[in-house]
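These are my notebook entries, written while I looked through a structure one element after another. I set down what I looked up and what I found.

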Amino acid sequence: MLKSYLIIALRSLLTQRLYSAINVFGLAIGLASCILMSLFVFSEMGFDTYHAKSDNIIRVVTDLHPPGSTEQRFTTSQYKTGEAFVQEFAELTAYTRFRNVGTSMGTQQRMFNENLVYVVDANVFDLFSFEAFSGDLTKALTRPNTVVLTESTAQRLLGSTNVLGQTLMAGSDIALEVTAVIKDLPENTHLAINALVSWGTMGQMLGDEGWEENPSFNYYTYFETAKGTDVEALEAKIPAYMEEKVREGISDVFTLKLQRITDIYLTSKQAFEMKANGDINTVYAFSTIAILILLIACINFMNLSTARATKRAKEVGVRKVMGAYKSHLVMQFLGEALLISFLSMAIACGVVEAILPTFSQFIGKELTFNYITDFSTALSLVSVAVVVGIISGSYPAFYLSAFNPAKVLKGELTRGKSGAWLRKSLVIFQFSIAIMLMIATTITYLQLSYARNIDLGYNKENIVLLDRVNTQGGAGNWQVLKNKLLAHPQITGVAGSSLHPTELLVDSYQLLHPISQEIIQMPIIVVSHDYFDVYDIEFIGGRPFAPEYGADEFSHPTEQQPFKNVGVIVNQAAVKSLGWQDNEALGKQLRMPFDNEGKQALTATIVGVVKDHHFSSLHEQIKPTYHVYYPERFANMSIKFEGNVSTVSQHINEVWQQVMPNQPIIMDYMDDEFNAMYTEEDRQMTMFNLFSALAIFIACLGLFGLASFTTERRTKEIGIRKVIGASVMDIVVLLSMEFSKLVLLANVIAWPIAWYVMSNWLTNFVYRIDMNPMIFVASALVAFVIAWVTVGSLASVAAHTRPIKSLRYE
Amino acid sequence: MLALKNIVKLYRTESVETRALDKINIHVGKGEFVAIMGQSGCGKSTLLNTIGMLDQPSEGHYYFDGEDVANYSERRLSDLRKSNIGFIFQSFNLIDELTVFENIELPLIYQKVAKVERQQRVMDVLEKVGIAHRKDHYPQQLSGGQQQRVAVGRALICRPKLILADEPTGNLDSKNGEEVMEMLTKLNQEGATIVMVTHSDAHATYANRTIHLFDGNVVTEQMQEAYCA
């Protein structure tokens with residue numbers, strides 16, 4: 001019997017090639033999309049799970065929220081936090097810390113800029129599962145001046161991975177012995193590390209042996225928790241501890257929070273993450289699309305299978321007359337569905353194999369799809385195929401097996417009105433999803449285009465950036481570099497600053513709010529005389545810093561000179577936050593206290609007000625910011641040029657070699673830095689669009705299925721109508737109108753949901769578009785056109801058939 | 001009214017050619033009631049479909065009201081059909097989703113007749129075929145005889161010059177069959193030209209003339225006695 005079923009199933013597939021192709025390939029596309037999405041989603045969700053202790057590692061982070069200031073969230077905390085917490089909380093059994101000390105590293109022959117260098121506690125290898133390539137990790141960082149390198153870093157800096165015992169230079173004067181080499185970190189970790197230096201080397205690396213006196217928040221601190229620790233309950237204890245042990249009222253200024261290591265990549269998104277985080281919302285969005293695509297594909301399968309039912313009616317009748325029970329037929333049709341499902345899954349796996357390298361490259365992630373040796377993947381695929389086969393085959397199976405043999409053998413088709421509402425509901429459901437996706441992709445596209453094309457308020461074109469310009473020789477070298485660069489005729493301006501646009505505004509100083517008299521924190525940018533000119537930032541009042549206004553220069557108060565006057569330039573957001581109008585701020589003075597007793601302070605006079613500009617990401621609101629002239633802190637150099645970039649960059653490289661021969665150059669372009677902020681977003685947007693388009697396409701296949709089903713069922717009616725005078729157009733309009741009603745209903749369902757979801761999504765953006773009803777109307781129109789074209793073409797074929805053929809049909 | 005000259009209808013499959021009608025010559029005058037008889041597969045329905053312009057002949061000429069329509073396009077045939085010919089089928093061919101009233105009204109909608117006139121004409125026809133009391137029912141709610149009355153009503157609604165009936169009593173019991181035949185006779189007496197395919201000798205006697213087909217050929221044409229006299 002099984003053989004008979006299989007033969008019938010295969011013949012049925014082959015005799016109705018068009019339907020079979022739509023069915024199998026529609027499902028295969030759906031499955032392939034779903035597999036690709038799932039690979040991405042599982043890869044995103046699997047970050048840091050490979051650490052043996054991943055369930056018991058947490059990180060402490062800082063939430064800084066002084067009254068009257070913008071909240072700032074850091075991934076780092078103070079170096080004493082680790083020890084203090086382990087002593088206080090029994091739930092914490094160990095801690096380990098990382099301090100970033102980006103520096104130049106290498107040999108005396110060749111140095112490299114290394115940003116991902118961390119001074120760490122020796123027990124870092126107890127908590128994290130780093131895989132040793134060579135050396136003994138348990139002892140690797142117990143002595144000062146020892147370093148552990150990743151394989152690729154060892155290869156880059158020392159030309160080999162067999163480097164145990166070799167000496168590596170950090171900067172020009174710190175010698176480090178390589179005591180171990182670890183394998184490169186896998187991609188699925190929030191950690192980004194090239195070199196780990198022993199804790200005892202901290203003073204040398206920071207160039208400050210008194211570093212322990214500095215209570216800075218620069219330390220990534222991780223804890224191992226006792227088994228069964230309730231992290232939320234533990235976190236709730238922290239404020240009380242801080243109030244008691246640190247200072248009363250400290251919770252008003254900052255709080256420490258705990259994060260599970262496995263949650264960091266998708267949910268943290270704080271300042272100073274070691275590498276760019278993912279986004280849980282992206283995972284949700286892609287998971288939803290994956291499920292929707294699969295669901296749409298299953299619905300297609302159901303509709304197309306029932307559409308073919310009329311062709312199978314006689315077979316059902318004969319089988320029943322010959323003694324088949326309904327259960328036999330149900331099994332037969334379910335078996336066919338499973339056959340198609342497995343066939344589709346096989347094709348889907350082939351499709352995924354074929355496009356995975358391109359897809360991985362596109363999304364910038366190495367995804368692996370190993371279903372041959374990975375049992376759990378293979379099992380998942382088989383389970384999905386079975387579930388899809390059963391879900392999509394169950395309705396057709398019960399529908400077909402319920403045919404009345406007496407009627408079908410007489411040539412009367414079962415009218416099956418009871419199933420009509422279900423099929424229509426499924427198409428409405430599919431189209432609702434397609435319309436929602438159309439609306440969502442349109443709004444997403446418009447929003448991202450809008451956000452990208454906002455007037456930034458500064459010029460990002462034709463600017464070259466140099467980093468770490470003040471590490472050798474400080475301000476003196478900076479001036480030499482600047483003068484030599486300006487000698488080139490294409491270079492029209494050179495500016496120095498502590499940060500360049502697109503960076504996070506993380507430095508801040510205290511200010512006494514002139515109205516509330518509260519101490520607030522306001523982000524500060526150190527800039528040179530030419531900064532506003534190089535970036536074309538417009539002044540709405542006052543003047544830039546200039547050599548003739550020497551009194552503007554910023555410097556810290558000292559015991560000899562506890563009170564000083566400096567000049568500051570503020571943006572409009574700062575003026576507003578200080579409680580003034582733009583035209584009132586000039587000449588006003590702000591007090592910048594440097595201690596709690598009021599013994600040292602600066603008086604800052606506002607000498608200029610600049611127009612608001614989007615210094616950081618466009619996702620963030622423009623922050624109140626003030627600028628000071630402080631030549632010692634020019635970490636960056638922004639070089640404005642005109643004409644051919646290659647001759648300019650050659651000149652910059654030459655000048656750098658002359659002025660700072662021992663330090664590798666770090667050169668970037670401002671517009672690249674700007675675009676880099678949105679690369680991930682662009683990729684995800686493209687992916688979202690692509691899969692939405694696929695979902696819409698598969699939904700259209702579903703519509704085609706139902707339309708063909710309906711036209712097939714109504715063949716006789718079409719014939720009758722033609723005999724009594726209906727034209728082809730009458731028939732096309734008749735059938736199209738029926739589907740138009742379904743599409744209309746789908747719109748009624750889709751619009752409010754899309755409105756609600758997308759309104760919420762838009763609230764993530766500080767600068768956002770309004771919800772334009774035209775987007776909804778346009779999506780509805782597209783849906784109608786798709787429906788009309790699909791149904792109209794089928795109806796037209798049916799209507800062109802000679803009526804006698806239709807009437808002979810039954 | 002209509003004349004068929006050397007009409008041939010071939011059906012071809014990959015390996016077989018079937019000659020359903022073989023050089024048929026028939027003439028039907030205005031106001032005639034013609035019955036077509038013959039064994040199953042002799043070409044009766046093919047002939048009726050050709051006369052009704054539902055099928056085109058492979059060869060020959062078909063004159064309808066003096067015009068040779070054998071090579072007309074589907075669209076022209078459709079136009080000609082809807083204003084001149086009414087059909088009655090053995091299986092009624094009513095549209096299940098429409099009520100009795102709507103089924104009869106449908107041809108008028110396709111002829112773009114105004115709503116008020118449509119309603120009047122449908123009511124007249126409903127009265128005429130004796131089914132007015134069932135006007136809001138759906139076909140499945142009616143007996144076979146009632147359904148065929150609706151089909152007759154629908155065939156009449158456009159006041160066709162020609163009514164074609166394909167075994168109109170084939171699905172009915174004898175009583176209902178007689179009633180339908182009475183109705184057709186009455187229509188014929190009122191001036192309608194009727195061509196009817198039937199298996200029933202008794203029902204063929206209602207016609208003025210009977211054409212017997214065999215293997216696609218006309219074998220005999222026989223006037224009813226009443227008309228021979």
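Which residues of H21(A) are buried? I found A:Thr715, A:Lys716, A:Glu717, A:Ile718, A:Gly719, A:Ile720, A:Arg721, A:Lys722 and A:Val723, where buried means under 20% relative accessible area, exposed means over 50%, and partly exposed lies in between, with a 1.4 Å probe and protein chains only.

Before going on, I noted that this is a predicted model, in which local features need pLDDT of at least 70 and side-chain atom pairs count only at pLDDT 80 or more, while totals for chains, interfaces and linings use all residues. Residues are numbered from 1 along each chain as its sequence is written, chains are lettered from A and ligands numbered from 1 in the order in which they are written, and side-chain values use heavy atoms, with hydrogens and water left out.

**Entry: helices of chain A**

I returned to helix H21 (residues 715–723) of chain A, and since 9 of its 9 residues are buried, it is largely enclosed by the rest of the structure. Helices (H or I, at least four residues) and strands (E, at least two) are DSSP runs, numbered from the N terminus. Just after H21(A), I saw that A:Gly725 takes a positive phi of about 120°.

Next I looked up helix H22 (residues 728–762) and helix H23 (residues 773–800) of chain A, whose axes come within 8 Å and cross at roughly 155°. The axes are lines fitted to C-alpha atoms, for helices over the stretch in contact, and the angles run from 0 to 180 degrees between N-to-C directions. H22(A) and H23(A) are therefore roughly antiparallel to each other, given that angles over 145 degrees count as roughly antiparallel, under 35 as roughly parallel, 65 to 115 as roughly perpendicular and the rest as oblique. The crossing of H22(A) and H23(A) is right-handed, a term used if the near helix is turned clockwise from the far one by less than a right angle, with left-handed for anticlockwise. I read the contact residues of H22(A) with H23(A) as 20 nonpolar, 6 polar and no charged, where Ala, Val, Leu, Ile, Met, Phe, Trp, Tyr, Cys and Pro count as nonpolar, Asp, Glu, Lys and Arg as charged, and the others, Gly among them, as polar.

**Entry: strands of chain A**

I then turned to strand S6 (residues 117–120) of chain A, which is covered on both faces, with A:Val117 and A:Val119 buried on one side and A:Tyr118 and A:Val120 buried on the other. Strand S3 (residues 92–100) of chain A runs antiparallel to S6(A) and is joined to S6(A) by 3 bridges, and here A:Phe98 stands opposite A:Val120. Two strands pair if DSSP finds at least two bridges between them. With strand S11 (residues 195–198) of chain A, S6(A) pairs in the parallel sense over 4 bridges, and A:Tyr118 stands opposite A:Leu196.

S19(A) pairs in the parallel sense with strand S21 (residues 601–610) of chain A over 9 bridges, where A:Val568 stands opposite A:Ile606. S19(A) also pairs in the antiparallel sense with strand S22 (residues 626–628) of chain A over 3 bridges, where A:Ile569 stands opposite A:His627.

**Entry: chain B**

I counted 8 helices and 10 strands in chain B, and 57% of its 229 residues are buried.

Helix H1 (residues 44–51) of chain B is mostly covered, with 7 of its 8 residues buried, and after H1(B) comes B:Met53, whose phi is positive, near 65°. I also traced an open sheet of 4 strands in the order S2-S1-S4-S5 (chain B), with antiparallel pairing. Its edge strands, each pairing on one side only, are strand S2 (17–28) and strand S5 (67–68) of chain B.
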